[in-house]
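Visitor: I would like to go through this model and ask what stands behind the terms used for it.

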Amino acid sequence: MKKVEFEKLKRPETIKLPSMLDFYPLEDEKNTRISPFFSNLKERRLTTTRCEECGKVLWPPRIVCSSCFSDDLEWIDLGTEGELYAFTEMRLGAPLGFVDDVPFCIGIVKIGGLSISARIDNAKYEDLKIGQKVQLKVVELDDGRVFYRFDAAKETP
Amino acid sequence: MRRVAIVGGGATRCGKREATWRELVQEAGKAMFEDVDNISPKEVDALLVGAAQPERFVFQVHVAPMVAEHLGITPRKVIATTELMCASGQAAIRYAWACIASGMADMAVAFGVEKMYMPDMAEAQTNMTCVLDREWDGINGLSAPPFFAMTAQRHMYEYGTTKEQMALVSVKNHHYSTMNPIAQFQKEVPVESVFKSPMIAPPLNLFDCSGITDGAAGVVLVPADRAKEYTDTPMYIIGSGQANIGNAINNLASITEWIPLKLAVEETLKTAKITLKEIDIAELHDCFTISEIMEYEAFGWAKKGEGGKFIENGEPYIGGTIAANPRGGLLGCGHPLGATAILQTLDILHQFRGDVPKGRSVSDAEIAVTHNLSGAANVHSILAYSRTEK
């Protein structure tokens with residue numbers, strides 16, 4: 001009988017983060033039709049789509065109005081100051097890619113008539129208050145992609 | 001439409017199991033078929049498998065045929081996986097029910113399974129961040145605990161609900177799960193232990209949250225007029241309700257009032273032709289302590305904002321206004337996503353049979369409901385069951 005061979009295999013020590021496990025979306029016009037959201041954000045503007053036909057403000061940004069199905073949408077500014085509706089702090093059980101950030105604050109922010117979730121930077125849970133003002137902030141990844149957060153720090157007088 | 005009965009079922013022990021996804025399937029399948037008289041897997045012509053995230057937890061899709069293969073089932077009418085996150089198992093029961101009621105199939109299995117323990121638990125947590133809108137909410141680290149933490153914070157802020165009241169839900173459900181041999185947690189949890197357990201996302205401590213759980217379960221559905229061929233103790237599906245409003249945080253109907261649940265309750269009472277008072281047992285989706293408090297309110301057992309007082313007064317215990325989660329709930333039994341609704345339904349069957357330990361038995365129970373929420377509590381699903389054919 002022939003000897004059964006036992007071969008050790010090598011696998012790469014690190015692999016590139018696959019795009020679908022990367023929480024940050026693909027933002028350029030080759031990948032999405034809402035790329036203006038991200039180019040506006042690069043200019044420190046938080047924007048979303050509003051339907052030219054029925055006037056509905058849509059969040060997340062869309063390419064078709066979910067109220068009247070018009071595809072005639074315009075970009076509008078939501079402003080740069082929001083109000084904290086609710087918040088918490090992730091202390092245990094963070095997902096991959098966020099583990100090093102723990103603890104970090106998450107909130108629901110009222111801005112421009114919307115209620116959107118966001119990271120709340122520059123804050124500890126104990127210091128935050130329902131109803132307090134938070135300022136728009138833009139974060140940029142090393143590959144140039146951007147996303148919004150809010151900053152809770154009080155402006156120095 | 002034909003009336004539909006559940007004639008039996010089986011489940012695995014739930015918890016951190018030294019078993020693979022497909023081994024859980026085999027364990028539950030064996031228990032299910034052994035529970036039903038005169039049944040052959042070859043008779044099953046519809047198979048619906050509730051599985052929330054097999055593609056993330058065990059890197060496998062097309063899982064319904066895998067369940068069929070392991071259980072010797074060769075469906076000739078309907079086979080599919082049903083995904084509705086935490087309500088995936090209830091989706092399986094609903095479709096199995098529809099298959100039998102419509103005449104599309106004559107015997108259906110509604111199965112549920114989830115293997116959630118992974119070697120790297122951060123990967124399991126990552127899976128939970130694609131439940132909400134991943135690109136706009138998940139990206140902010142918003143998985144279930146922080147979402148329900150903010151829900152709890154607003155409920156406390158608006159209605160004065162306290163952390164003690166929330167902890168009492170955990171105390172109750174862990175008490176009942178001490179009498180459930182397949183429950184993940186079988187120890188009493190006093191209020192102090194809830195407070196001393198690690199803080200996950202304030203105001204939620206670890207024991208305010210249901211567990212990460214491995215488990216599987218299945219039930220068998222047939223036309224009501226054939227039920228007695230398979231068991232002396234069938235139970236009957238008498239009604240249901242399901243509603244969804246919105247998905248992303250911005251588009252929820254409300255954070256502090258679960259309007260889709262109120263709609264689902266209305267629909268359930270209407271279709272089952274019952275009143276709230278006629279419900280003897282409610283298996284509620286207590287994924288977090290605050291969830292059960294808000295469910296007392298949305299069902300109408302407690303007034304809006306008074307869910308905290310309702311548990312403080314002992315009303316959701318057996319013998320109170322409603323026996324809520326005498327199985328032990330998700331808090332006590334664990335929450336193997338796709339299997340949860342099947343486990344709830346199976347326990348109702350055991351209650352009707354008089355087949356549960358005395359301390360958590362609801363004597364003379366005739367009508368029961370099972371409830372699941374999913375996502376950002378934007379979807380609510382309810383099934384109503386009767387011990388006798390109505």
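Guide: A strand here is a DSSP run of E with at least two residues, numbered from the N terminus. In that numbering, A:Pro103 lies in the loop between β4 (81-90) and β5 (104-111) of chain A. Keep in mind that this is a predicted model.

Visitor: What kind of peptide bond joins A:Val102 and A:Pro103?

Guide: That bond is cis, with omega about -5°. The bond from A:Trp59 to A:Pro60 is also cis, with omega near -5°, and A:Pro60 is found in the loop between β2 and β3 of chain A. Most peptide bonds are trans.

Visitor: What is the order of the open sheet of three strands in chain A?

Guide: The order is β2-β1-β3, with antiparallel pairing. β2 (57-58) and β3 (73-77) of chain A each have a single partner strand, so they stand at the edges. Two strands pair if there are at least two bridges between them; β1 (residues 47-51) and β3 of chain A have five.

Visitor: How do you know that the radius of gyration of chain B agrees with a compact globule?

Guide: For 390 residues, the rule gives a radius near 21 Å; chain B has 19 Å, which agrees. Of its residues, 63% count as buried.

Definitions and conventions. Residues are numbered from 1 along each chain as its sequence is written. Chains are lettered from A and ligands numbered from 1 in the order in which they are written. This is a predicted model: local features need pLDDT of at least 70, side-chain atom pairs count only at pLDDT 80 or more; totals for chains, interfaces and linings use all residues. The radius of gyration is taken over C-alpha atoms; the globule rule is 2.2 Å times the number of residues to the power 0.38. A residue is buried if 20 or more other C-beta atoms lie within 10 Å of its own, exposed if 12 or fewer, and partly exposed in between; C-beta atoms are placed from the backbone. Helices (H or I, at least four residues) and strands (E, at least two) are DSSP runs, numbered from the N terminus.
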